[in-house]
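Thank you all for making the time this morning.

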Amino acid sequence: MFRKPYYLIPVALAVCLVQNASGQYNWSGADNNGLWSDPNNWVQLVVPPASAGDIFVDPVTYTGHVIIGASDVAQNAGTLQGPEWGQTLDIYGTVIDGYAFSTVGGIGGPTSVANLYGSASVTAGDSIFIGDPWWAAGIPNATMNVYGNSQMTAPWISLAGHLNIYGGTVTATSGFLVGTATTGSWGSTLTTDATRLVDIAGGRLVVVGNATAEVADMIARGILEGNGVVGNVTVDLLSDPGFTVITVPEPASVALFGLGGFAMMLIFRRRRSGANS
């Protein structure tokens, strides 16, 4: 499990100071059309520029979805903090976060939802937090849904809420963090395996290195599903060298469910690849 080393705290503080100096932007939704690209939907009356620091997308009087259109590029030098506290963000275009993408929701409150549609792209320079950013742990009530050919990529992806991969690819180039059964990645006891889940239903989860032990652990804990069935996944160590590609089984192999099915599926994939070489 990755924890923020103490020597990184001054670095993180410096990053925060740079972000604040670059300017904070806040969603207002005042034009009641949900469009990210409409300046009148921002408290500052300007669409956040690429030099923006943190951007906050919180619930406002306008209760509809916030929409990043297919031609929009929502870029910042800091963190996109949202959707938060029950807001929904629909992404059709491109999101580029200098530091992080963070969506959070309080336990017992409304779920915050981020949807990636079509060929949407979300890229973060350091982390994507699905609930529980390290600076505010214990708020895991968040869901990310990935559809179509969408791409979601970051060095670190930290899971406290729900990640549903209906299409596209989710890639963690340094690590995929799931805490322990009883705590979040940053130690909060409000975040447990009761709040977190990955369901792969057509897309791919790609994790750096050989992640077979992590996959087996997630299955044993009941937090990794394929098409809604715990353990119904295929692990591929060959198609993307240096990475583990996790998908749902091919139709002919659907009967191989559960942890035993996972192990058999891994052997099957390795043998088949060896026979084709």
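Let me begin with Ser-158, which counts as buried because its relative accessibility is 3%, and the cut-off for that label is under 20% relative accessible area. Please keep in mind throughout that this is a predicted model.

Ser-158 lies in strand β13, which covers residues 151-159. The side chain of Ser-158 makes a polar contact, at 3.4 Å, with the side chain of Ser-185. If we leave aside the neighbours within four places in sequence, the residues in contact with Ser-158 are Ile-128, Phe-129, Ile-130, Gly-131, Asp-132, Leu-177, Ser-185 and Trp-186. Across the strand pairing, Ser-158 stands opposite Leu-177 in β15, and Leu-177 is also among those contacts.

Now to the strand itself. How many of the nine residues of β13 are buried? Seven of them are, so β13 is largely enclosed by the rest of the structure. Its pairings run as follows: β10 and β13 pair in the parallel sense over three bridges, with Gln-151 in β13 as the bridge partner of Ser-121; β11 runs parallel to β13 and is joined to it by four bridges, with Ile-130 finding its bridge partner in Leu-159 of β13; and β15, residues 169-177, also runs parallel to β13, joined by seven bridges.

From β11 I would like to pick out Phe-129, which has its place in that strand, residues 127-130. Phe-129 counts as buried, at 1% relative accessibility. Phe-129 and Phe-101 are 28 residues apart in sequence, and yet their C-alpha atoms are 6.2 Å apart in space. Setting aside neighbours within four places in sequence, Phe-129 is in contact with a set of residues that includes Phe-101, Trp-134, Trp-135, Trp-186 and, returning to where we began, Ser-158.

In soluble globular proteins, nonpolar side chains tend to be buried together. The largest nonpolar core here has 49 residues, of which Phe-101, Ile-128, Met-152, Leu-163 and Phe-176 touch the most other members. The largest share of this core, four residues, comes from β13. A second, separate core has six residues, and these include Tyr-99, Phe-129, Leu-177 and Trp-186.

Next, the aromatic side chains. Tyr-99, Phe-129, Trp-134, Trp-135 and Trp-186 form one aromatic cluster. Over the whole structure, the search finds nine aromatic pairs. One of them is formed by Trp-36 and Trp-42 and is edge-to-face, at 4.8 Å centre to centre with 80 degrees between the planes. Both partners are buried, Trp-36 with a relative accessible area of 3% and Trp-42 with 1%. Tyr-92 and Tyr-117 form a pair that is stacked, at 5.1 Å centre to centre with 25 degrees between the planes. That pair links distant parts of the chain, 25 residues apart, with Tyr-92 in the loop between β6 and β7 and Tyr-117 in the loop between β9 and β10. Are these two tyrosines, Tyr-92 and Tyr-117, buried or partly exposed? Tyr-92 is partly exposed, with a relative accessible area of 36%, and Tyr-117 is partly exposed as well, at 24%.

There is also an open sheet to describe, formed by eight strands in the order β3-β6-β9-β12-β14-β16-β18-β19, with mixed pairing. Which strands stand at its edges? They are β3, residues 66-68, and β19, residues 229-230; each has a single partner strand, so one side of each is left without a neighbour in the sheet. At the β3 end, β3 and β6 pair in the parallel sense over three bridges, and Val-66 stands opposite Leu-89 in β6.

Let me finish with the overall numbers. The secondary structure comes to three helices and 21 strands, and buried residues make up 52% of the 277 residues in the protein. Among contacts with a separation of 6 or more, 61% are accounted for by residues 24 or more positions apart. Finally, the accessible surface comes to about 11,300 Å², and 60% of that belongs to carbon and sulfur atoms.

Technical notes: Residues are numbered from 1 along each chain as its sequence is written. This is a predicted model: local features need pLDDT of at least 70, side-chain atom pairs count only at pLDDT 80 or more; totals for chains, interfaces and linings use all residues. Side-chain values use heavy atoms; hydrogens and water are left out. Rings of Phe, Tyr and Trp (its six-membered ring) pair if their centres lie within 6.5 Å; planes under 30 degrees apart count as stacked, over 60 as edge-to-face and the rest as tilted. Buried means under 20% relative accessible area, exposed over 50%, partly exposed in between (1.4 Å probe, protein chains only). Helices (H or I, at least four residues) and strands (E, at least two) are DSSP runs, numbered from the N terminus. A polar contact is a pair of N or O atoms within 3.5 Å; within protein, one must be able to donate a hydrogen and the other to accept it, and residues adjacent in sequence count only if both atoms are side-chain atoms. Contact means heavy atoms within 4.5 Å. A nonpolar core is a set of buried Ala, Val, Leu, Ile, Met, Phe, Trp, Tyr and Cys residues joined through side-chain atoms within 4.5 Å. Accessible areas come from the Shrake-Rupley method with a 1.4 Å probe; for residues, only the protein chains shown count as cover. Two strands pair if DSSP finds at least two bridges between them.
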